[in-house]
Amino acid sequence: MHAQDSSTGSLIAHTESPWRLFWQLLQRDRLAMAGLGILLALAVVALLGKATTEWLVIFDPTTVRLVDKFRAPLSEASALLPDADRPLTGVYLLGTDELGRDVFARMLQGSFVSMSIGFVAVGISIAVGVVLGGIAGYYGEVRIGPVTVDTLIMRFTDAMLCIPIFFLILVVVALLPASIYNIMIVIGLTRWMGISRFVRAEFLSLREQDFVLAARALGLPAYRIIFWHMMPNAMAPVLVTATIGVATAILTESALSFLGFGVQPPFATWGNILADGKNFIFDAPWLFFIPGFAIFVIVLAFNLLGEGMREALNPKLQRR
Amino acid sequence: MSTAALLEVRDLAKHFALRRGLLGRPSGWIKAVDGVSFHVREGETLALVGESGCGKTTTGRAVLRLIEPSSGSVTFDGQELLKLNAGDLQRMRRDIQIVFQDPYSSLNPRMTVGNIVGEALRVHGIARGAELNERVAHILERVGLSPDFRHRYAHEFSGGQRQRVGIARALAMAPRFIVCDEAVSALDVSIQAQVINLLKDLQDEYRLAYLFITHDLNVVRHIAQRVAVMYLGRIVETAGTDELFDNPRHPYTRALLAANPLPDPSSPRPRALRGDVPSPLTPPPGCAFHPRCAEALAHCDRQTPTWIQIARRHGVACHLHQNTSRQGDDEIPDG
């Protein structure tokens, strides 16, 4: 008598996990899929760039060719050039800069540097933000002296938000050697506040949800409740912010490089190619527009994907 | 039915601090539960009824220590739950489970049904591998779900099916006592009946004891042997189910029963209770019910009524019965 609503029919093995549902919704968003496509293509380019400029040097970004300064894109290499210094096909695909370096090779090298800075910096900020936000949300009521853990962490977060981040980065970068790793760490350690804030907010609301109470009633240990029950349900907005955060980190690195505080030569990043190019904007506009356009495209792609993910995760759009 | 109480709750209280200031000093207290005592025997169902906001749910959660009670005592099978350390409490939790009201928020949306039901068995090392699968399949079957459902996610099911998953999760640890917190209130009436029958079958099969929290008196009549009526954080009347329905003594209980819709259009329109439940932040002095009570006496707004045993299994906290009763037993609010 009690088996009526348990529908003994429809025993199809097909099942819809929340991630699969998310993926299906995301696929309907053409702009987001375009962004994803561009990013995948750029990721391939970045990996190939790393391989062909450093491991198996097909495109050498460091060769100086004083006879071939300021060559426009698609122009042929000079006949005076020694064979060892010739570009791969004898053509400068994206022209050369003021030292006759191949811009195509430099862009290839820079793509890996720029993207890895974006991803590592965001990885650091997610790690810091999730840990601090999670502690504040789950153990918030524990007291240390007169203040709660929650107060301590969130007021620190507020303090960090009050500091103009870009100037903080400038100060730190001016004091530390400007290596790629320092820049990754500095950008990562100054961008976690938003993440910690909404991880905390998610945890506060999840902590009172019945399924979390049920997990506690089952006597599950705290780490299991946090990592199996709460974290997966709090990660969706973190992913969205992270996606857009990669774009912001790449922009920040470009801005730092533009001001001369970023990754130092001979390492090429899109930012410092752009910075060098600005001096020759009228004589050799490609030096300026090529890296600028690349930054524009990658930031746009990350933003389109991030927006699409936000939409796909919106519970009002998801059918039950 | 055995005579020894499986669960014994005495003077349980939960006071929530209101808006802590800078130095953590509360500006007021909400006495959600204020000195509640009851017991539940093995294989028995005690219904806890009352209006929204009277502290039923808080009582249920405080018994499980999902909310830490402010004071009182909860003994389960002779063990004082409120004094257990974290490790012992986790062991004890196998015996005491809870089924929630909302079948949507009570299941983790990112876990399959099999994981939801089997997780505790695996984490506590009770079963693993093929044995775990078998036990999960058996439990799902027992609550009327196909074992094939265990690879599916909760959002693929109807409300009634989800509630069965919630019951299966509670059953997995083979508990002896289950708090059903409005467990059928969110379901359609036809599904309600199925789930109630399921709960009764499970009770017979495993000798389960239920604390059945509800506001629906029609449900109470079907499932409970005894009823405790709560008003503003206190129990005002307890009696056997039939006794309570036939011979309610507290004016609040009478009003509740009168307001209960009966499937008979010719019955007289119920008398509505006057006013709203007062704020538990500033409960009325004396008997908390006196501002709404049609039969209030002169001293009802000054003296808090004491507990009076009217009959062996019928107790009430009301000044109207102060003189008509046998000697009151202040301690045990039922026989």
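pLDDT is the predictor's confidence in each residue, from 0 to 100. Helices (H or I, at least four residues) and strands (E, at least two) are DSSP runs, numbered from the N terminus.

This is a predicted model, where local features need pLDDT of at least 70, side-chain atom pairs count only at pLDDT 80 or more, and totals for chains, interfaces and linings use all residues. Residues are numbered from 1 along each chain as its sequence is written, chains are lettered from A in the order in which they are written, and side-chain values use heavy atoms, with hydrogens and water left out.

**Exercise 1.** Work out which elements of chain B have the lowest and the highest mean pLDDT.

*Solution.* Start with the chain: chain B averages a pLDDT of 86, and 90% of its residues score at least 70. Now go through its elements: helix H2 (residues 86-92) of chain B comes lowest with a mean of 86, while strand E3 (residues 45-49) of chain B comes highest with 95.

**Exercise 2.** Describe the interface of chain A and chain B, salt bridges included.

*Solution.* First, the residues in contact (heavy atoms within 4.5 Å): chain A supplies 35 and chain B 46.

Next, look for salt bridges (a side-chain nitrogen of Lys or Arg within 4 Å of a carboxyl oxygen of Asp or Glu). The rule finds 2 across this interface. One salt bridge joins the side chains of B:Arg61 and A:Asp210, at 3.5 Å from N to O.

Last, check the chain A side: helix H1 (18-28), helix H8 (210-217) and helix H9 (222-258) of chain A are the elements giving two or more residues to it. H8(A) brings the largest share, 6 residues.
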